[in-house]
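Please read the following alongside the sequence and the 3D view.

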Amino acid sequence: MLHMKGPLRRIDVGDRTTTTEPIDDILEEFIGGRGVGTALAHDRIPFDADPFGAETSLFFTTGPMQASQMSFTGRMSCTGLSPLTDGLLSSNAGGFLSRNFTAAGNAAVQLTGASDVPLIVHVRDDGVQFETVPHLAGALVPTVTDYIEAEHGLEAEHVACIGPAGENRVRFASIMTSESRAFGRGGLGAVMGAKNVKAITFDGDETLDVTIPDLQMDVHREAATADHIMKRQGTTSMTDLGNELEALPTRYFSERSFEGAEGINGDAVESKKYKKGTCSACAFACKLPTRDEETGIETEGPEYETVMAFGSNCAIDDIVDVMRSNEQCDQLGLDTISCGDTVAAYLHSVDAFGDADLIEETIEKIAAREGIGDLLAEGVDRAHAELGVDNWTVKGMEFPAHDGRTLNGQGLAYATANRGADHMYSTFYAYEYPLVTADKAFPPEGVDADKVAKLVTLENMRALEDCGVVCRFSRDMMTPERFAGLFEADFETLLSVGGRVIDLERHFNNQRGFDRADDTLPYPVDGFEAALDRYYVTRGWTDAGVVPDGQLAAE
Ligand code: SF4
């Protein structure tokens, strides 16, 4: 089986020491990316760790596909203990960092400890340098990347950094790379902030000693020649469909379709797109650099989830306002989904839906933890009672679009996901809209046994992609046969790798007290409890949602 190569580089930012050690057994078992990050985190983060404590760690990883020239491979993982969910999670970012990470010669990089001054950690193939940067305290993401380019000649695609939100431990702070790409969900930016690490850079000339089968060129050619609407509108091409099917959360989840969708849909975003955008090596190029000539607002995106969170969920019907929110979040280092939903909760509490000026002001306050922003920086789960609104989260994570009240299989998927209300964990929504061919589609209603079986397979498949690392949007081209051919193993063996990643995440979270009571939704779905029972049986977990003793050792 193909797998990542290289050592684990452990970096203690407290005493500013670094070591390397071989992790070949973990690489052989988990391929790379999220699997390797999860296995390392499971062994090296204490089960009772504080997400903001020096004892916790962040693991940056990527996969063997970095050795390819194939589309869909310019991505990497960051794994750690989420201050939002309080569980273990991995977050995946695109852009160009992954290949510079690989060029620095490591399979995984662990950040542990905590620095007493703001620090940039420079990881090169010839070692690690620590740079104290007290003058960058409070700096926006572009200021950090401009500084690193000016002082070190490294462009933004070598940099992962945090903005003020991460420094201020906003529970949904992101780690930003290539300026506009985010390790977005779960607040790992706040973990980096608690370590007082403002940025980490990767650079070098190492090449990955992995040979990728020629099959890669078939995928790459198809990515280049496919006539796909995502090439024009990215994920926002979903907006009208989601709205028509009543799966577009609106006015803080009080409605499921938005009368102003036309102002924020894929056509609206495309009208502001001024050039192509992509990730490293990807000919699919679904990214969305946008600009509004009148206001001068320039950003990348918004993606569909941001269109929901800062658009329909806040009752905003002008794409330029959503672009402004998106850019604010990118510069301050905030996850747009959690931030948008939290702002929507606040607008609901003060009866101010549609107030674009208040949204702009509130985002700034959240990042600075100023005034009401200090409460909102805790996220909906911790703030909803004080705001007097419903708690629209799963495991503390705010919902994306793809409303589970309409797409019931996706609803179940939000409940079972180890990282909470996250659409990318299984992408079940694609089968219920549907975005797949009729023979693969499910009706949106219900959570029958076939959906449960499909959910388990999809979760394992998505985990496998995150080990590879292969982008979600390769789904039309990365068939099981191609996975088997590229990774040189039969598909069932590869899926079992994904299953072990899910088990490890769940086992870690079980040790922190997570169980069936956390696999819930804030709304009823017919047949939900029976589906959950089936899901646990399929996974080999107890009916309390717990990985039984011995299951990990037996795998
Ligand atoms: S499909 Fe889009 S998100 Fe995925 S790697 Fe390509 S450009 Fe990046």
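In which helix does Leu504 lie? Leu504 lies in helix 21, residues 491–511; helices (H or I, at least four residues) and strands (E, at least two) are DSSP runs, numbered from the N terminus. This is a predicted model, in which local features need pLDDT of at least 70 and side-chain atom pairs count only at pLDDT 80 or more, while totals for chains, interfaces and linings use all residues. Residues are numbered from 1 along each chain as its sequence is written, and side-chain values use heavy atoms, with hydrogens and water left out.

Leu504 is buried, at a relative accessible area of 10%; buried means under 20% relative accessible area, exposed over 50% and partly exposed in between, with a 1.4 Å probe and protein chains only. Leaving aside neighbours within four places in sequence, Leu504 is in contact (heavy atoms within 4.5 Å) with Phe30, Thr38, Ala39, His42 and Leu552. The C-alpha atoms of Leu504 and Leu552 are separated by 7.3 Å, although the two residues are 48 apart along the chain.

The largest nonpolar core has 169 residues. A nonpolar core is a set of buried Ala, Val, Leu, Ile, Met, Phe, Trp, Tyr and Cys residues joined through side-chain atoms within 4.5 Å. Phe60, Val121, Ile175, Ile200 and Leu334 have the most contacts inside the largest core. A second, separate core of 13 residues includes Val133, Ala139, Val144 and Ala199.

Helix 16 covers residues 380–387, and its residues Val380, Ala383 and Leu387 are buried. Seen down the axis, the buried residues of helix 16 fall within an arc of 80 degrees, so they line one face of the helix; the arc is that of the directions from the helix axis to the C-beta atoms. These buried residues pack against helix 13 (336–349), helix 15 (372–376), strand 15 (393–394) and strand 16 (397–398). The face of helix 16 turned away from the buried side carries the exposed residues Ala385 and Glu386. After helix 16 comes Gly388, with a positive phi near 75 degrees.

The structure holds 20 aromatic pairs. Rings of Phe, Tyr and Trp (its six-membered ring) pair if their centres lie within 6.5 Å; planes under 30 degrees apart count as stacked, over 60 as edge-to-face and the rest as tilted. Phe428 and Phe442 form a tilted pair, 5.8 Å centre to centre with 35 degrees between the planes. Phe428 lies in the loop between helix 17 (408–416) and helix 18 (429–432), and Phe442 in the loop between helix 18 and helix 19 (449–468), so the pair ties together parts that are 14 residues apart in sequence. Phe428 is buried at 0% relative accessibility, and Phe442 is buried at 18%.

Glu179, although not a glycine, has a positive phi of about 70 degrees. Glu179 is found in the loop between strand 10 (175–177) and strand 11 (181–183), and at 31% relative accessibility counts as partly exposed. A cis peptide bond joins Gly301 and Pro302, with omega about 5 degrees. Another cis peptide bond runs from Gly468 to Val469, with omega near 0 degrees.
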